[in-house]
Number of protein chains: 2
Amino acid sequence: MGKLTITDIARLAGVSKATVSRVLNNRAEGVGAQKRAQILKLVEETGFQPCSTARCLATGESRSIGLVIPDITNPFYPLLVRGAERRLNECGYSLFLCNTDRSLETEEAYVRVLIEKRVDGVILDSAGSMHDAHVRLLEDNGIPIVLLDRAIGHRTSRYGVFVDNQRGAFEAAAHLLRRDDCRLLFLNGPAGLSQSIERRAGVEEAARLAGATDRLRVLEGDFSVDSGFRLVAGALAETQTAAKSTPAAFNAVFAANDVMAIGALRALKQCGIPVPQEVEVMGFDDIELAGMVDPPLSTVSQPTLEMGTASADLLLRLIGGEKPRRKAVIMVPQLVLRGTTRSVAVGGAGDLGSKRSAGQVAEPVTQRQSAVGTIR
Amino acid sequence: MGKLTITDIARLAGVSKATVSRVLNNRAEGVGAQKRAQILKLVEETGFQPCSTARCLATGESRSIGLVIPDITNPFYPLLVRGAERRLNECGYSLFLCNTDRSLETEEAYVRVLIEKRVDGVILDSAGSMHDAHVRLLEDNGIPIVLLDRAIGHRTSRYGVFVDNQRGAFEAAAHLLRRDDCRLLFLNGPAGLSQSIERRAGVEEAARLAGATDRLRVLEGDFSVDSGFRLVAGALAETQTAAKSTPAAFNAVFAANDVMAIGALRALKQCGIPVPQEVEVMGFDDIELAGMVDPPLSTVSQPTLEMGTASADLLLRLIGGEKPRRKAVIMVPQLVLRGTTRSVAVGGAGDLGSKRSAGQVAEPVTQRQSAVGTIR
DNA sequence: TTGAAAGCGCTAACAC
DNA sequence: GTGTTAGCGCTTTCAA
């Protein structure tokens, strides 16, 4: 069963390669119905599969794209991947998975590989927001690229799909700060990420509005369970050792992702601190597990799957040669209140969703439409 | 910046394409040190990147491989993917991600694409264990393949990396059945999967040994949180309606994966049934979340990351032309007892690991060595 | 409607 | 050591 080539099929059918090629790419004209049927039959019988590698060489299109993400192991990303993969696959594109382990070096190495592989486009959820040499490389090679989840440089300078981080963080912080005595501990992501900057801005804005800037403390985590745990355990330890009225004390934690929030929850539980009675906790992302921990985690929900899909859609358009005027697709996050925040007495920001069936992720149907709509 | 080719470099360096090619593939001999340095410098300066597509056409090697998995969204798989990806990447291979959504049709379609892409090999965590037409297709095209996590056909007929499902299930069931009054509800995976068959065998064996075959009930789930929830909620409802002494009642649940176990936990909690006091619960996989739910989930731990790595290793050997005698690499699962099972009074199977720091996955160091060792 | 022929960018004999 | 020459399997003008 030596690999069949288009030449074999041509020979078997007694026609030229060109004719077979026309049939394979079903060019409407250029082939008689008779020959066409015969060739199709032959292809079917022999199980011939054209070599996409050779095709790529001839046409310049590889029909594969690169998807770069920081950490497939973090439950947020699989959904993003799945969204993109599904759409891309529907449209006949295959996907090179590039897991960077949050390392910029790995990311750059991957980008190089993707260029060599002659991908038709790249979706990039970058490990950093500052460095763009590799993005330039892609651009110089004429490879369309859409940023996902994290911006690099200014948001409007390149195509991308993001959630409104500032708004999400603002709403979360504002909710926690609704209580006059709230002392807020914000576990931000790594400095330098666009998300961290935006979310911090949101939190600070909320603090300012609440006149609580002196009751806000910001710590830097790395998005892992462990860092959420350690940061909170550390803050707790300070409180213990210092006088009871130390300014380090906090009674609310807002983590930049659910995974860190879960780590925070564990630290609190380990110290026997009741959540949400003594400390309220809020996450970001709304991963599936968020509703499964105890108590179920209040969080800022992102339309993750839709973001993946949207990035694929956008990339497909770029590959198709379109030049959408709006560069950034901004999705709207939604506050989901579950068990780690106390039910609201006063009307604060966000809806009173604590009785939402916890397994249900809030479906951001409306904003999805509006958000995706902005691109036109 | 029209794409540079090897011809350009050759022209610029005043040498032939062959020489450049030799340098690019750093063939030890065949190029003078002088020219070599010059060419290298030129490549560096121009940022030339050889087209792997053309190379593939010329050599027959694509340096990319296909990774087929059922559901990237289930927290078990990302680890598998990561293990495989890391090793493969180290060795210069890129990875096409094929998420089948547990659909055999999608899987077959993907396999076809992979063949067209001329992948050098495939790692296949199949959606089903019965159908092997697509595997045959791969084999007919001379593409090395290693099965991962799930067998297709008999375990020894093809190369693969698996966990000892029967043993894991046996130990879990035996542990639950250590109590004389245990009535065990086993939430198996979809019928037809090799895993389901093996795990069922393990459970039944344990029941037989405990003389408890009449106290075992087997239900079929689909690995989702929802199915775990519904199955248990349903069984619970039966119990309510029937007489209190109905045979449908159970006081232990063993789920074929952690995700279903978490669903079960939720159903139990919703009915106000204390775990583990009234009902013990055990999962399978030991995903990161397992330790994060409340109570932390007792489970059968798989060395997931290592399985991914091992599958990559095995595939690389096959690609390298080796024909290992042992076809199957069988990893050893490990019982991890946490909060959803009662601490053992009598010495039963497994260790008394309930005080294991819950965030820590038991490190299966020893069996990893022995298991991987079996292949030689 | 069909075929012949020239490439796509690279590698690998085989000469020199 | 270095260059020449065929291809790898496909698409795509351009003629017929």
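**Reading the DNA surface, cavities and chain interface**

Analyst: Let's start with DNA strand C: among its atoms within 4 Å of the protein, 68% are sugar or phosphate atoms, and the remainder are base atoms. Keep in mind that this is a predicted model, where local features need pLDDT of at least 70 and side-chain atom pairs count only at pLDDT 80 or more, while totals for chains, interfaces and linings use all residues. As for bookkeeping, residues are numbered from 1 along each chain as its sequence is written, chains are lettered from A and ligands numbered from 1 in the order written, and side-chain values use heavy atoms, with hydrogens and water left out.

User: Which element gives the largest share of the surface near DNA strand C?

Analyst: Helices are DSSP runs (H or I, at least four residues), as are strands (E, at least two), numbered from the N terminus. The largest share, 4 residues, comes from α4(B).

User: What lies 2.7 Å from a phosphate oxygen of DNA strand C?

Analyst: A polar side-chain atom of A:T19. For B:I6, a polar backbone atom is 2.2 Å from a phosphate oxygen, and for B:N25 a polar side-chain atom is 3.1 Å from one.

User: How many cavities of 30 Å³ or more are there?

Analyst: Rolling a probe the size of a water molecule over the atoms shows where empty space is left. A cavity is a set of points, on a 1 Å grid over the protein atoms alone, where a 1.4 Å probe fits but cannot get out; lining residues have an atom within 4 Å of a point. Points are joined across faces, edges and corners, and the volume is the space filled by probe spheres set on them. The count is 6, and the largest cavity holds about 160 Å³. Its lining has 14 residues, with A:T53, A:F96, A:K117, B:T53 and B:K117 closest to the centre.

User: How many residues of chain B are in contact with chain A?

Analyst: Contact means heavy atoms within 4.5 Å. By that rule, 52 residues of chain B touch 52 residues of chain A.

Definitions and conventions:
A residue is near a molecule or strand if one of its heavy atoms lies within 4 Å of it. A polar contact is a pair of N or O atoms within 3.5 Å; within protein, one must be able to donate a hydrogen and the other to accept it, and residues adjacent in sequence count only if both atoms are side-chain atoms. On a 1 Å grid over the protein atoms alone, a cavity is a set of points where a 1.4 Å probe fits but cannot get out, and a pocket is an open set with protein on both sides within 12 Å along at least five of seven lines; lining residues have an atom within 4 Å of a point.
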